[in-house]
Amino acid sequence: MDNEIDWGKLPFGYYPTDYNVRCTFSDGKWGPIEVSQSETINMHMAATALHYGQEIFEGLKAFRGKDGKIRIFRLEDNARRMRESAKGIMMEPIPLELFKEMCIKVVKLNERFIPPYGSGASLYLRPIEIGTSARVGVKPADEYQFIVFVTPVGPYFKGGFQNTKICIMREYDRVAPRGTGRWKTGGNYAASLSAGVKAHDLGYSAVLYLDPKEKKYLDECGPANFFAIKDGKYITPASDSILPSVTNMSLQTLAKDLGIEVECRHITVDELREITEAGACGTAAVISPIGEIDDLDTGEKFIIAKDGKPGKISTILYNKLNAIRLGEEEDTHNWNTIVE
Ligand SMILES: *Cc1c(COP(=O)(O)O)cnc(C)c1O
């Protein structure tokens, strides 16, 4: 059956696999890891996940490398971030070792869905945690379920590494200044849907959100972090309301390795006039290069890529990160977990 999958044409969507793994927290402890073939969850209709948004998730990828080995990229960093998300909305943090064990197990169980080297596709891991206790009064659950499922996803850029157009809209915020932006919660996504759909309808790939307090500084690019190249430096917003992207951290490290200066600081909208490259970064695409940013409120258009092509530094960083994930280049920062 796996021979029938056209890896290169797979979308970034749900494709069923053989197994998922689950673990329940109750009576103050995590239980055994269960292997499931079911695609559904049976839960109480009054579960806190359904009423009060106690839901967090992660997204990471496994690859078949050049040497045939399976690699999971920055597994521990995703595990740590998920613990932070759990603490942020009063959920039970998942022990690092449990997170790792379950991710490795689910990848092995679904080995036949790991796309072959060279296909550009990968196996996407989606860990989720939900509060399952029945509550009507607003209070955190004391029971939780942690599930990791996987799904093969195709190459992000079907037509090659290409520029996209994004927009600034002041009408919507996705998070509050001291709210949940730092954590990967489903609620943040719910809050971004109307702006996202509006942007897509207008022909933009994403919304570049401004800081929700002053609307002066750049924050995030939809479900991805934002970075730009200015005077040869890699600049990226420092903000309490954005999610610390593992991809962004990786790109910063690679930039420093290449002798490129990195600045994490406030970036004003006006500064967009002076940048030479821009990109949205995250696990799905690594970098989605940005050629144009339109401010829908002022009517100003920031044309970043005068020649319409992805920037030089962005392209180098993109290729380098991909090469490390695929085992083509030495993993000097120990980012890959090899699945034996
Ligand atoms: C997941 C996510 C990102 C990207 O994070 P990576 O770890 O690089 O995949 C960026 N912003 C938001 C809001 C996200 O949810």
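A pocket, as the term is used here, is an open set of grid points where a 1.4 Å probe fits, with protein on both sides within 12 Å along at least five of seven lines, and its lining residues have an atom within 4 Å of a point. The model described with this term is predicted.

The largest pocket has a volume of about 1000 Å³. It is lined by 47 residues, and those closest to its centre are Y189, G222, P223, A224 and A284. Helix α4, which spans residues 186-201, gives the most to this lining, with 7 residues. By residue class, the lining of the largest pocket divides into 24 nonpolar, 18 polar and 5 charged residues.

What takes up the space of the largest pocket? The ligand does. There are 14 residues around the ligand, and K184, Y189, E220, T247 and T283 come nearest. The shell around the ligand divides into 5 nonpolar, 5 polar and 4 charged residues. Two elements, β12 (224-230) and α5 (246-257), each supply at least two residues of that shell.

In the side chain of Y189, an N or O atom is 2.4 Å from an oxygen atom of the ligand. For K184, the distance from a side-chain N or O atom to a ligand oxygen is 2.7 Å. V246 takes part through its backbone, with an N or O atom that lies 2.9 Å from an oxygen atom of the ligand. On its own the ligand has 380 Å² of accessible area, and the protein covers 96% of it.

Next comes the second largest pocket, with a volume of about 330 Å³. Its lining consists of 26 residues, of which G120, A121, P155, N322 and R325 are the closest to its centre. Strand β5 (60-64) and helix α6 (312-325) each supply at least two residues of this lining. How do the residues that line the second largest pocket divide into nonpolar, polar and charged, or in other words, how many of each are there? There are 15 nonpolar, 7 polar and 4 charged residues.

How values were computed: Residues numbered from 1 in each chain as written. Predicted model: local features only at pLDDT ≥ 70, side-chain atom pairs only at ≥ 80, totals over all residues. Heavy atoms only, no water. Near = heavy atom within 4 Å. Polar contact = N/O pair within 3.5 Å; in protein donor to acceptor, adjacent residues only side chain to side chain. Areas by Shrake-Rupley, 256 points an atom, 1.4 Å probe, with all protein chains shown as cover. 1 Å grid on protein atoms, 1.4 Å probe; cavity = no way out; pocket = protein on both sides within 12 Å on 5 of 7 lines; lining within 4 Å. Sits in = over half its atoms within 2 Å of the grid points. Helix = DSSP H or I, 4+ residues; strand = E, 2+ residues; numbered from the N terminus. Nonpolar A, V, L, I, M, F, W, Y, C, P; charged D, E, K, R; others polar. Points joined across faces, edges and corners; volume = space filled by probe spheres on them.
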